[in-house]
Amino acid sequence: MGVLLTAAAAWLGSVPRDVRGFSLHEVYLLKQGENRSGDQLVVGYKIELEPASTIDGEVTLIGNRVIVNADVNGDLVVVAKRLQLGDSAHVNGDLVACVN
């Protein structure tokens, strides 16, 4: 996974960070009260979905450290070295996690 994240980080300067549901960031934060609609693919070193944030759609998160405290109205797939599901996380669909 380190090679994937290193390659992704190399693209940060040359590719738009958000393109139709695809996000590529070193650190991605969906802040409290923010909402996203549609399917989302987020690749980053650290990904955090704060409490009271919402994603309406299928979500795939690929990162080193992933913290989920949001409402996900769809399936959630996480590929990460470390995953933290907080008390305020709600997944209204399937949860699939591949964690090292």
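Contact here means heavy atoms within 4.5 Å. The model shown is predicted.

View 1. Beyond neighbours within four places in sequence, Leu41 is in contact with Gly21, Phe22, Ser23, Thr60 and Ile62. Leu61 lies 20 residues from Leu41 in sequence, yet their C-alpha atoms are 6.1 Å apart in space. Leu41 has a relative accessible area of 30%, so Leu41 counts as partly exposed.

**View 2. An open sheet of four strands.** The strand order is E3-E5-E7-E9, and the pairing is parallel. Strand E3 (35-37) and strand E9 (90-91) stand at the edges. Each has a single partner strand, so one side of each lacks a neighbour in the sheet.

**View 3. Pairing of strands E5 and E7.** Strand E5 covers residues 54-56, and strand E7 covers residues 71-73. The two run parallel and are joined by three bridges. Thr54 stands opposite Asp71 of E7.

**View 4. The largest nonpolar core.** This core has 16 residues. Leu49, Leu61, Val66, Val68 and Leu76 have the most contacts inside it. Two or more residues come from each of strand E2 (22-30), E4, strand E6 (59-68) and strand E8 (76-85). E6 gives the largest share, four residues.

**View 5. Contacts of Val68.** Neighbours within four places in sequence are again set aside. Val68 is then in contact with Leu49, Leu61, Leu76, Leu83, Gln84, Leu85, Gly86 and Ala89. Among these partners, Leu49, Leu61 and Leu76 are listed with Val68 for the most contacts inside the largest nonpolar core.

How values were computed. Residues are numbered from 1 along each chain as its sequence is written. This is a predicted model: local features need pLDDT of at least 70, side-chain atom pairs count only at pLDDT 80 or more; totals for chains, interfaces and linings use all residues. Side-chain values use heavy atoms; hydrogens and water are left out. Buried means under 20% relative accessible area, exposed over 50%, partly exposed in between (1.4 Å probe, protein chains only). Two strands pair if DSSP finds at least two bridges between them. A nonpolar core is a set of buried Ala, Val, Leu, Ile, Met, Phe, Trp, Tyr and Cys residues joined through side-chain atoms within 4.5 Å.
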